[in-house]
Amino acid sequence: MWGGRFAEGPAAVMREINASIPFDKRLWRQDIAGSKAHVAMLGKQGIVSTADAETITGGLATIESEYAERGVPVDLALEDIHMVTETRLAELIGPAAGRLHTARSRNDQVATDFKLWVRDAIDSVEAGLKALQTVLVTRAGEHAASVMPGFTHLQVAQPVTLGHHLMAYYEMIGRDRSRFADARARLNRCPLGSAALAGTGFPIDRQMTAAALGFDAPTDNSLDSVSDRDFALDYLMAATQASLHLSRLAEEFIIWASQPYAFVSLPDSYSTGSSIMPQKRNPDAAELVRGHSGRIAGCMMALTMTMKGLPLAYSKDMQDDKPPVFEAHDLLALSIAAMTGMVEKVTFNTSRLRQAAEAGFSTATDLADWLVRVADVPFREAHHITGTAVKLAEREGVALDKLPIEALKAIDARIDDRVYQALSVDASVASRRSHGGTAPDQVRERIAQAKAVLGID
Ligand code: ARG
């Protein structure tokens, strides 16, 4: 394709380091779509004859079905998906194939292909995240009033509802979806027609190719068009953040499934056994989701480092953009699917969750709040009085609401038996009705809104 000025062919190692076909064959659908749009435009503009444009289009359709049936042949000598396809086109239709690359370079071609691929990747991630949100909301609906301990520092803090906890992940995944939507909107300008770096002297119609490929408009600077990989980085950064959320949920499932916690029982279908310890049921899927998030962040860092300091316009370093994006996408898609399955099938041990919520003096804040509300004690003083009560309960080995009223009164005379109403975990969660709080009626409201947004009943 480019051998005219060379006296000698490439060394074997040159071939190997240069070739991207082993991985960029994944772009074949996008490459053919881009070529079809390009040649239709060349034909319409009279840059190639209508007859040649038709022959080329027919040849591309044949190659498309060949790839669909048999896969893309990997020939390192042909470097990349663009050359493999063009070479096959020449075999199929002869010299007319040589006209396809008029007013185009592999630099704008690959930028276009890759944008199309990332756009599809975003759409599939978006669908997966929406499905995950749907199961989160459904499970949250079952547990809008199930009490569990809320933690800070992984120490029991205050009772919350399990529905509230699950809806926290609904919020996180919602932000992920909006990051992907953002990335998609920013990506959607078509670089095709920027040629190698400077544009072209041929009378091309960039609006036409942009529209044919579903882009909003052509890009506005040819140098930027062929050297921009922001869209891939946007994808990787959104993927990294989404994978962090999945990893945090995975981590919670791992802890919760541990016997001393026993908050959940993970489904058999997402667990594995041990080859030596017959009793074991390990949360491998959750652990791998947690692990994959590290690899996804690594992919993001890899491309960040590749792009750092590259002068305009295209440099071959940029060929290294694809493996991290492909890898991150595969890992993310698997992670989303695995977490969706786990959330759907996990069994929550509600009596154990309640028992854990009742331990650890989780309603101490409620006692302090009661002193403020009912006895008009300043909060700092109420905090101190409650601390004394907790110390006593701890010494006696009882829960706060099991301390006799005389003992409480001895700590502060303003306490009376109405306080017990505030000390149960149910009263505690029910009282937290501030917007976004954990009270079951608040949680149910949020779930109803979420269902409306997701379009589920
Ligand atoms: N395989 C190359 C890539 O992935 C295509 C662009 C090559 N352009 C060039 N001038 N060598 O980036």
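Start by colouring the charged side chains: the chain carries 48 positive and 57 negative ones, and the centres of the two sets lie 2 Å apart. Here Lys and Arg count as positive and Asp and Glu as negative, while His and the chain ends are not counted. Each charge is placed at NZ of Lys, CZ of Arg, CG of Asp or CD of Glu.

Before going on, note that this is a predicted model, in which local features need pLDDT of at least 70 and side-chain atom pairs count only at pLDDT 80 or more, while totals for chains, interfaces and linings use all residues. Residues are numbered from 1 along each chain as its sequence is written, and side-chain values use heavy atoms, with hydrogens and water left out.

**The whole chain**

Zoom out and switch to cartoon view. You can look for 19 helices and six strands; helices (H or I, at least four residues) and strands (E, at least two) are DSSP runs, numbered from the N terminus. The C-alpha atoms fill a box of roughly 100 × 50 × 45 Å along the principal axes. The radius of gyration is 30 Å, whereas a compact globule of 457 residues would have one near 23 Å. That radius is taken over C-alpha atoms, and the globule rule is 2.2 Å times the number of residues to the power 0.38.

Now give each domain its own colour: domain 1 (12-102), domain 2 (107-356) and domain 3 (359-452). These bounds come from an automatic or database domain assignment. How far apart do the C-alpha centres of domain 1 and domain 3 lie? The distance is 70 Å.

The accessible surface comes to about 21,300 Å², and 54% of it belongs to carbon and sulfur atoms. Such areas come from the Shrake-Rupley method with a 1.4 Å probe, and for residues only the protein chains shown count as cover. Buried residues make up 47% of the 457 in the chain, where buried means under 20% relative accessible area, exposed over 50%, and partly exposed in between (1.4 Å probe, protein chains only).

**Stop one: Val110**

Select Val110 in helix H6 (residues 106-142). Val110 counts as buried because its relative accessible area is 7%. Show its neighbours too: leaving out residues up to four places away in sequence, Val110 touches His82, Arg229 and Lys322, a contact being heavy atoms within 4.5 Å. Then draw a C-alpha to C-alpha line from Val110 to Ala211; the two are 101 residues apart in sequence and 18 Å apart in space.

**Stop two: Asn282**

Move to the loop between strand S5 (264-265) and helix H11 (284-307), where you will find Asn282. Is Asn282 buried or exposed? It counts as buried, because its relative accessibility is 19%. Beyond residues up to four places away in sequence, Asn282 touches Tyr270, Ser271, Thr272, Gly273 and Ser274.

Most residues other than glycine have a negative phi, and most peptide bonds are trans. With that in mind, select Leu312 and Ala313, which are joined by a cis peptide bond with omega about 0°. Ala313 sits in the loop between H11 and helix H12 (322-345).

Ala103 is not a glycine, yet has a positive phi of about 60°. Ala103 is also buried, with a relative accessible area of 9%.

Finish at Leu154, in the loop between strand S1 (147-152) and strand S2 (155-161). Leu154 has a positive phi as well, about 55°, although it is not a glycine. With a relative accessible area of 47%, Leu154 is partly exposed.
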